[in-house]
Amino acid sequence: MYEDDEDRMDAAEQLAEHNPHAAAEALSAIAGDQEVGDEVRLSAAEQLAALDPSSAAPACLAIACDRTVGDEVRLSAAEQLAAVDPQGAAPACLAIARDGTVGDEVRLSAAEQLAAVDPQGAAPACLAIARDRTVGDEVRRSAAELAALGTSA
């Protein structure tokens, strides 16, 4: 029916003008489709947040927790999730922060985002980063400091 992911997005965007509910369903399907490119999935989740914030949360969570998605896109999805559902962002941030395949800075950013919504819940993720000897010293130090702040809160 569609030639590519962009065609699906275009159709969903056009649908939003006439039937926002149907557009939200289409955008949710795009955001959750692992066959769709990472950036297109994220764009669908962002547009979904504008149409139906409650539907955007599960879409963002799915992207943030999907280990096949690029690090930066996962983090962006977690940040978008924090914008629509701050408490719901905790599992997404935790998944990224604890994922040893994710880049050091992205893991730390996810831990910082987690600390913003759940300081005590961030401590284990921060400690996991701080104890990971494959992580750079500066990031490990920052994670340890963040963990200390979470446990003192």
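**Entry 1: the fold**

I started at the N terminus and read off the elements of the protein, which run α-α-α-α-α-α-α-α-α. My tally for the protein is 9 helices and 0 strands. I took helices (H or I, at least four residues) and strands (E, at least two) as DSSP runs, numbered from the N terminus.

A note to myself on the ground rules: this is a predicted model, where local features need pLDDT of at least 70 and side-chain atom pairs count only at pLDDT 80 or more, while totals for chains, interfaces and linings use all residues. Residues are numbered from 1 along each chain as its sequence is written, and side-chain values use heavy atoms, with hydrogens and water left out.

**Entry 2: overall numbers**

I looked up the extent next: along the principal axes, the C-alpha atoms fill a box of roughly 50 × 30 × 15 Å. The protein has 153 residues, and 41% of them count as buried. For the record, buried means under 20% relative accessible area, exposed means over 50%, and partly exposed is in between (1.4 Å probe, protein chains only).

The accessible surface comes to about 7,700 Å², and carbon and sulfur atoms hold 49% of that. These areas come from the Shrake-Rupley method with a 1.4 Å probe; for residues, only the protein chains shown count as cover.

I also checked contacts (heavy atoms within 4.5 Å). Of those between residues at least 6 apart in sequence, 47% join residues at least 24 apart.

**Entry 3: charges**

I counted 10 positive and 29 negative side chains, and the centres of the two sets lie 16 Å apart. Lys and Arg count as positive, Asp and Glu as negative, and His and the chain ends are not counted. I placed each charge at NZ of Lys, CZ of Arg, CG of Asp or CD of Glu.

**Entry 4: cysteines**

My cut-off for a disulfide is a pair of cysteine sulfur atoms within 2.5 Å. Cys-65 in turn has its closest cysteine sulfur in Cys-93, and 9.2 Å is also too far for a bond. Cys-60 is buried at 0% relative accessible area, whereas Cys-65 is partly exposed at 33%. The structure holds 0 disulfides.

**Entry 5: salt bridges**

How many salt bridges does the structure hold? I found 7, with a salt bridge being a side-chain nitrogen of Lys or Arg within 4 Å of a carboxyl oxygen of Asp or Glu. I wrote up three of them.

Arg-67 pairs with Asp-99, with 2.9 Å between the closest N and O atoms. This pair links distant parts of the chain, 32 residues apart: Arg-67 is in the loop between helix H4 (53-65) and helix H5 (71-84), and Asp-99 is in the loop between helix H6 (89-97) and helix H7 (104-117). Arg-67 is exposed at 57%, while Asp-99 is buried at 4%.

Asp-132 and Arg-107 meet in a salt bridge at 2.8 Å, N to O. Asp-132 sits in the loop between helix H8 (119-131) and helix H9 (137-152) and Arg-107 in helix H7, so the pair ties together parts 25 residues apart in sequence. Both Asp-132 and Arg-107 are buried.

Arg-140 and Asp-137 form a salt bridge with closest N and O atoms 4.0 Å apart. Both lie in helix H9, 3 residues apart, about one turn of the helix. Asp-137 is exposed, with a relative accessible area of 54%.
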